[in-house]
Amino acid sequence: VLFFVMGVVKTCGSFTELKKPEMALKCFVRFILAQAAVMYGMELMTALFRVAQGMISTIMDSSGLADLSATTLPTIIESVGLIESIPLWAITLLGSLFIWVLALVMILTVYSRFFKLYIATAFAPVPLASFAGQPSSSIGVAFLKSYAAICLEGCVIVLACVIFSAFASSPPAIADSSLAPATIVWNYVGELIFNMLVLVGSIKMSDRLIRELMGLG
């Protein structure tokens, strides 16, 4: 109601102008549409979310993630002795620590996106009510763009995971079995950490990518 009153005050120069049938009908229709948007705001938000969820499902089904095979290191690594295995333990321990930290950052980033969705959905009635007034309708438009950007961030995250899986499933670092076992493991762990750094960076800048590519957010 407040947005509606503010819109009427700013768009109508006097009360006499509001008595015109076309102006009164225009204000009435805008108020009814804004009231419907507020009442069915949850349905509107979930509909936008289902569209983005369908896009994510299509990407995952088309990417063939289920058909990827596990990476197997050369059998020469299994035949190393106790002394030769010490560098392997050091490399894998250090690499697993970096991978654990990067995975934690990635999980926190993805979960923060879900929290943004929940908060935006709960806050939706307030910006949607701004459609009741013509001057304040830009608030609602900006909110819908931001909400669509949050939903589309999931597509960027899934695409980044698909690209990472394609690189991680067949790393060229272990293709040469003539190298020393420590060198093979070091090359594999280093390449895996590099790919995970690119993955985490892509996930963290997903909002920026959506904003630059589609003008949302």
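The model is a predicted one, where local features need pLDDT of at least 70 and side-chain atom pairs count only at pLDDT 80 or more, while totals for chains, interfaces and linings use all residues. Residues are numbered from 1 along each chain as its sequence is written, and side-chain values use heavy atoms, with hydrogens and water left out.

**The whole chain**

Let's start with the big picture. The chain has nine helices and zero strands, with helices (H or I, at least four residues) and strands (E, at least two) taken as DSSP runs and numbered from the N terminus. Read along the sequence, that gives the pattern α-α-α-α-α-α-α-α-α. Of the 217 residues in the chain, 32% are buried; buried means under 20% relative accessible area, exposed means over 50%, and partly exposed is in between (1.4 Å probe, protein chains only). Take the contacts (heavy atoms within 4.5 Å) between residues at least 6 apart in sequence: 81% of them join residues at least 24 apart.

Helix α7 turns up in both of the pairings below. Axes here are lines fitted to C-alpha atoms, for helices over the stretch in contact, and angles run from 0 to 180 degrees between N-to-C directions.

| Helix pair | Axes come within | Crossing angle |
|---|---|---|
| α4 (residues 41–63) and α7 (residues 137–169) | 10 Å | roughly 15 degrees |
| α7 and α9 (residues 206–214) | 9 Å | roughly 110 degrees |

The axes of α4 and α7 cross at roughly 15 degrees. That makes α4 roughly parallel to α7, since angles under 35 degrees count as roughly parallel, over 145 as roughly antiparallel, 65 to 115 as roughly perpendicular and the rest as oblique. On the α4 side, the contact includes Leu44, Phe49 and Ile59, and on the α7 side it includes Phe143, Tyr147 and Val162. By class, this contact of α4 with α7 has 18 nonpolar, two polar and no charged residues. For those classes, Ala, Val, Leu, Ile, Met, Phe, Trp, Tyr, Cys and Pro count as nonpolar, Asp, Glu, Lys and Arg as charged, and the others, Gly among them, as polar.

Now for the other partner. The axes of α7 and α9 cross at roughly 110 degrees, and the two helices are therefore roughly perpendicular to each other. Among the residues making the contact are Ala149, Glu153 and Ile157 of α7, along with Asp207, Leu209 and Met214 of α9. The residues of this α7 with α9 contact divide into seven nonpolar, one polar and two charged.

**Aromatic pairs**

Rings of Phe, Tyr and Trp (its six-membered ring) pair if their centres lie within 6.5 Å; planes under 30 degrees apart count as stacked, over 60 as edge-to-face and the rest as tilted. The count comes to three aromatic pairs. One of them joins phenylalanine 143 and tyrosine 147, a tilted pair at 6.2 Å centre to centre with 35 degrees between the planes. Phenylalanine 143 and tyrosine 147 sit four residues apart in helix α7, so about one helical turn separates them. Phenylalanine 143 is buried, at 12% relative accessible area, and tyrosine 147 is buried too, at 3%.

**Two residues to look up**

Glutamine 134 is in the loop between α6 (125–129) and α7. Glutamine 134 is partly exposed, with a relative accessible area of 40%. Glutamine 134 and arginine 30 are 104 residues apart in sequence, and 8.3 Å apart in space, C-alpha to C-alpha.

Cysteine 161 lies in helix α7 and is partly exposed, at 27% relative accessibility. The C-alpha atoms of cysteine 161 and serine 202 are separated by 9.3 Å.
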